[in-house]
Amino acid sequence: LHKAIRRQRQMCIRDRIYSSCEPCPMCLGAIYWARPERVYYACTKEDAAVGGFDDSFIYKEIVLDGPMRCIPFENKREEGAGEEFRLWQTTNNKTRY
């Protein structure tokens with residue numbers, strides 16, 4: 001983990017994350033799952049966009065309903081779908097998110 005953090009120029013100390021830039025949408029999701037108390041960053045997502053790393057399109061897409069996205073997302077629920085989540089609820093040996 002420490003090597004990966006150094007490679008990405010990010011550092012995690014206790015429940016804080018320090019980053020060279022505001023997290024991209026993928027990292028933002030991982031950060032929310034990790035549940036740190038606070039995130040500190042130097043450059044903004046606007047700074048990143050000027051440098052050629054523009055995630056604004058993704059942020060705009062996330063709020064749309066699946067079928068309305070540029071790449072349509074369609075739910076194809078089959079019988080038994082969701083059983084894994086019901087099983088998770090009854091499992092005693094788990095990490096609660």
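This passage describes the fold, the confidence and the side-chain contacts of a predicted protein model.

Because the model is predicted, local features are reported only at pLDDT of at least 70 and side-chain atom pairs only at pLDDT 80 or more, whereas totals for chains, interfaces and linings use all residues. Residues are numbered from 1 along each chain as its sequence is written, and side-chain values use heavy atoms, with hydrogens and water left out.

The protein holds 5 helices and 3 strands, arranged from the N terminus as α-β-β-α-β-α-α-α. These elements are DSSP runs numbered from the N terminus, with helices being H or I runs of at least four residues and strands being E runs of at least two. Confidence is given as pLDDT, the predictor's per-residue score from 0 to 100. Its mean over the protein is 87, and 85% of the residues reach 70 or more. A word of care is welcome here: where pLDDT is low, the predicted coordinates should not be read in detail. Of the 97 residues, 14% are buried, where buried means under 20% relative accessible area, exposed over 50% and partly exposed in between (1.4 Å probe, protein chains only).

Turning to the rings, a search of the whole structure returns 1 aromatic pair. It consists of Y18 and Y40, which are stacked at 5.0 Å centre to centre with 15° between the planes. Y18 belongs to strand 2 (residues 16–21) and Y40 to strand 3 (residues 38–43), so the pair ties together parts that lie 22 residues apart in sequence. For this assignment, rings of Phe, Tyr and Trp (its six-membered ring) pair if their centres lie within 6.5 Å, and planes under 30 degrees apart count as stacked, over 60 as edge-to-face and the rest as tilted. Y18 is partly exposed at 28% relative accessible area, and Y40 is partly exposed at 35%.

Two further rings have a charge over the face. K45 is placed over Y59, 4.3 Å from the ring centre, and R69 over F73, 4.8 Å from the ring centre. The criterion is NZ of Lys or CZ of Arg within 6 Å of the ring centre and within 35 degrees of the ring normal.

The salt-bridge count comes to 2, taking a side-chain nitrogen of Lys or Arg within 4 Å of a carboxyl oxygen of Asp or Glu. One joins K76 to E74, with the closest N and O atoms 3.0 Å apart; both K76 and E74 are exposed. The other links R86 to E83 at 3.1 Å, N to O. R86 and E83 are 3 residues apart in helix 5, so about one helical turn separates them. R86 is partly exposed, with 44% relative accessible area, and E83 is partly exposed at 35%.

On the surface, F57, I58, I62, V63, L64 and M68 make up a nonpolar patch with about 600 Å² of accessible area together. V63, in the loop between helix 4 (56–62) and helix 5 (83–90), is exposed at 67% relative accessible area. Patches take residues with over 30% relative accessible area and no salt bridge, joining like charges within 9 Å and nonpolar side chains (Val, Leu, Ile, Met, Phe, Trp, Tyr) within 5 Å. Accessible areas come from the Shrake-Rupley method with a 1.4 Å probe, and for residues only the protein chains shown count as cover.

R35, in the loop between helix 2 (25–34) and strand 3, has a phi near 55°, a positive value in a residue other than glycine. R35 is partly exposed, at 46% relative accessibility.
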